Amino acid sequence: MASSVGSGAASCVRWPGRSGSGPGPGPGPWGWEALPGLQIRSRSVEQTLVPLVAQITTLINHKDKPKRSDKTLRAVQQVGQAVNVAVGRFVTVGEAIAKENQELKEEMKVACFEAKRAGETIAQLTDIAALDHPESDGQITIFTDKTGVTKAARLLLSSVTKVLVMADRIVIKQIVTSRNKVLLTMEQLEKVSTFQEFVQIFSQFGNEMVEFAHLTGDRQNDLKDEKKKAKMAAARTVLEKCTMMLLTASKTCLRHPDCESARVNKGAVFHRMRLALERVIVIVTDSCPSGQQEPVPMSIYAGIKEFKNKVESLRDNLYLLSKESLRAILRGLLEHTEDFTDSAYTSHENREHILELSQQAEMELEQLLSAWMYAQSQKKRDITEDLEVALLKMCQCMNELQREFHRSAISVAADLLKYHSDHWVLKALKTSGEEGNIEAVAEHSSKLSEQKGQLLEICHLLRHVSGTEPLEITCLHAEDTFKATGPQIISAAETLALHPSSKIAKENLEVFCEAWESQLREMFLLLREISDVFEGRRGEKRAYLSLPRLGKHNTNLKVLKPAQLESEEQASLGKSGIPLCELSSRFDSELENWDDPENDLVRHGQCLSSMAYSMYLFTRGEGLLKTTQDLFQQAEAFATEGLKLVSALLAFSNQLEEEDRLLLLQEIEKIVPAYRQLQVTAQAHVQGKPAIFTKVDACLQEAEHMLRLLLQVLPLSCKLLRKRRAGNSYLRGPHPWREKSFQATTEGHSSPAGSPTSLGIESLEQHGSDLTLLENKHF
């Protein structure tokens, strides 16, 4: 116990954001909520206080216990001494910090002195010599001076928290200092006139950006506020993408110094980077340059949530609200419906439903107000039956309205994103630029501006139905990205058209086009996440998604020490996890084409899709998979579930005509080695962070490969199933091959050579039988 507090403090100061993610102390007299004037914004500070609060709580709980056995006395003495020792080590760290930071020296010394004094007081009150006869010899102890330990505990918690908060301020200062260095170097970069000078300064700029990325990455992981976390992620994404843009835009400007479009292109990149740097500092310091809070546009989702909360509060107090306040909230909410009803992309059917439900909401509110006013006139203290019915009808109407908004936004977004996924405008701009066709560039630039307007409309509608504040921030970030990148692509294309033989101008256009395409891909992921939130499966895609757990049959496996990824590794994996999410989404879309949702292939496919999505969430630091060991176990479960799908495919193939059966078996043969490889990789024993990180990346890549192979097999299987049904389903029954799936799995070892099981299914099943996987859906 002693070392846990001291070492925790050190990790908070030097490595913010890498502490555990367990729950902090709950509210109460020993939580830091009771400490006035202290705001804890980071998880590392909070987690460092957890063991200290636990130890203090132990002491406080013992001071009033009437039974005091020798065992109890020894336990109290041990806890008291542990607290004192830990505080001593903690104070040593704090004093070292004070020496290195003169501006906090006096304040830190006072807090350390108070902490040390409180720790010594607690040690004296729990001294074993005084506890031998705690009440007979007149000495002051935890049992005779019950308020003394309480005061000492409060002083200790307060002073330790002050030290941690001051250490946190030092981390913030490091980020601000790093930002200032980046800004200074950017000013030099903006003014360079020769390639030699640019290369030298850009090298320095790159090193400073790496340092800034590390500091802000740790801080992002350490933030408690999910909304600020999302804002930080958005700002850091802009900086990451703009760094490459800055390189090519600056080189283009140096190569063509008299080109106005090249200067415009470069200036826009520098401007966007400065804005992103400023946003980071606003988030880190929790302040705005103007001294005012940044305005956040209201979303329909947030408005409906607020309105329903107000309405449902009538159950607790009939006299807390005014009817005008409810009318005003609903009025403001319905004004936002114009974003949907006035949109050129909303279907006529959706528009009519939204208008009808809006009118119904106004009518239901009047009914609610009438029942509410009557209850007040009767001096009722509790909600009446009529008011309860009106309240339920009001909330049901709002739920239907929210569902209609969601359906409309998702439908519009899916159609437009699919339409623009071929990137034909970007391809035309590149071709026209390389040909030096200025008129064609202007024509296609107009088309890109139209596309930008449509994408901004999508972002606007999705923000209304996003469902969480972090996803709202993501929608706003996407909107800003399209708004900024569109004109930059156009200026880069104009530069290339003026200098069609310029390799650097061509490279510059490629970079901006890639940023646009990347944002379009991320929109598909955003669409998926918004749908998951609406359907209640955010972070836990479906009810049957669970972590595999080692059981009694796993004694032959070497268990790795669980590890959590650091910010740099997490950022790297975040990119490699995106294909898993995209493939999972395509997988779900493919499964929706099947007529029978209870089909074995569909059920196993859904489970594989869910597991792939949970692995993707791991790369984002979200979901149920918290450590690398969790991921490896999930990868094993993924391979085992794939085996079940392959067994179902083999059973199905036996029901096909010979030509179709051979066609399907050819595709199945490609899948089996992929499952075997993933299983081998997941079970491989590795040591050391680099090896573990490599293994994580390999598991993700192999899972991605498996999904790509399955996306070739499933459409073929669906086609063959429909063909078989059309031919003779009325003779054989609906799913004769489903009942044989189990037989194919259990009796595969007796199949002759050349049969489907000779593809390696038997070997995989034998490996799979060594594992006991968690199948409990309530894990």
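1. Buried residues (under 20% relative accessible area, with exposed over 50% and partly exposed in between, 1.4 Å probe, protein chains only) make up 51% of the 779 residues in the chain. The model is predicted: local features need pLDDT of at least 70 and side-chain atom pairs count only at pLDDT 80 or more, while totals for chains, interfaces and linings use all residues. Residues are numbered from 1 along each chain as its sequence is written, and side-chain values use heavy atoms, with hydrogens and water left out.

2. The chain has 26 helices and 0 strands; helices (H or I, at least four residues) and strands (E, at least two) are DSSP runs, numbered from the N terminus. Of the contacts (heavy atoms within 4.5 Å) with a separation of 6 or more, 80% join residues 24 or more positions apart.

3. Helix α7 (residues 195-222) and helix α9 (residues 260-285) have axes that come within 12 Å and cross at roughly 35°. Axes are lines fitted to C-alpha atoms, for helices over the stretch in contact, and angles run from 0 to 180 degrees between N-to-C directions. The crossing of α7 and α9 is left-handed, that is, the near helix is turned anticlockwise from the far one by less than a right angle (right-handed if clockwise). From α7, the contact draws on F205, M209, F212, T216 and R219, and from α9 on M273, L277, V280 and V284. By class, there are 7 nonpolar, 1 polar and 1 charged residues in it; Ala, Val, Leu, Ile, Met, Phe, Trp, Tyr, Cys and Pro count as nonpolar, Asp, Glu, Lys and Arg as charged, and the others, Gly among them, as polar.

4. R661 lies in helix α22 (residues 658-683) and is buried, at 18% relative accessible area. Its C-alpha atom is 9.1 Å from that of L720, 59 residues apart along the chain.

5. G436 sits in the loop between α15 (424-435) and α16 (438-464) and is partly exposed, at 27%. Beyond its neighbours within four places in sequence, G436 is in contact with A497 and P500. The C-alpha atoms of G436 and T495, 59 residues apart along the chain, are separated by 9.4 Å.

6. The structure holds 0 disulfides, a disulfide being a pair of cysteine sulfur atoms within 2.5 Å. For C395, the closest cysteine sulfur is that of C397, 9.9 Å away and too far for a bond. C395 is buried at 8% relative accessibility, and C112 is buried at 3%.
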